[in-house]
Amino acid sequence: MATTRTTLSASRSGRSIPIDATARDSATLIHAVERPSDAAMSAIEEIWIYATNHTGGAVTLTLMWGASQEDVDDVILSVPASSGLTLVIPGLLLEAGTFVGAIASSTSSINVLGYAIRTER
């Protein structure tokens, strides 16, 4: 069983990911869990996501969790005004072939950062 820590797949070199989308059909991709190259193996990732809000008002952040376009899997929270790193996903698990997307109630206000701990078995 091999375990590795990686940046979120939509992050360039570990930098923050701006959430500019406000509608589900144009959601910002945050992370996609890739399938292992060896078809006989399976993969699961522990996802850690933090959000920042650099505006003067609270902003609603909706994280579309997993492979579903259904809103039943959404994680919805308010990110306080002028906040630094706020933990929004505390190490929840996703299997290969799934993703996390995001929308916000206001454009250009929320950035997310984080990492994934991948285990292949």
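This is a predicted model: local features need pLDDT of at least 70, side-chain atom pairs count only at pLDDT 80 or more; totals for chains, interfaces and linings use all residues.
Me: Why is Ser82 called exposed?
Reply: Exposed means over 50% relative accessible area, buried means under 20%, and partly exposed is in between (1.4 Å probe, protein chains only). Ser82 has a relative accessible area of 57%, so Ser82 counts as exposed. Residues are numbered from 1 along each chain as its sequence is written, and side-chain values use heavy atoms, with hydrogens and water left out.

Me: Where does Ser82 lie?
Reply: Ser82 is in the loop between β6 and β7. Strands here are DSSP runs (E, at least two residues), numbered from the N terminus. Ser82 also has a positive phi, near 50°, in a residue other than glycine.

Me: And what makes Ser13 exposed?
Reply: Its relative accessibility is 76%, so Ser13 counts as exposed. Ser13 lies in the loop between β1 (2-7) and β2, and has a positive phi of about 60° although it is not a glycine.

Me: How do you know that Arg24 and Asp74 meet in a salt bridge?
Reply: The term needs a side-chain nitrogen of Lys or Arg within 4 Å of a carboxyl oxygen of Asp or Glu. For the side chains of Arg24 and Asp74, the N to O distance is 2.7 Å, and that makes a salt bridge. Arg24 lies in the loop between β2 and β3 (28-32) and Asp74 in strand β6, so the pair ties together parts that are 50 residues apart in sequence.

Me: Which of those two is buried, and which is partly exposed?
Reply: Asp74 has a relative accessible area of 17%, so Asp74 is buried. Arg24 is at 25%, so Arg24 counts as partly exposed.

Me: What makes Glu45, Arg118 and Glu120 a network?
Reply: They are linked by salt bridges. Arg118 meets Glu45 at 2.7 Å, N to O, and forms a salt bridge with Glu120, the closest N and O atoms being 3.0 Å apart. Arg118 is buried at 10%, whereas Glu120, at 23%, counts as partly exposed.

Me: How many residues does the largest nonpolar core have?
Reply: There are 25, and Val112 is among those with the most contacts inside that core. A nonpolar core is a set of buried Ala, Val, Leu, Ile, Met, Phe, Trp, Tyr and Cys residues joined through side-chain atoms within 4.5 Å.

Methods:
Helices (H or I, at least four residues) and strands (E, at least two) are DSSP runs, numbered from the N terminus.
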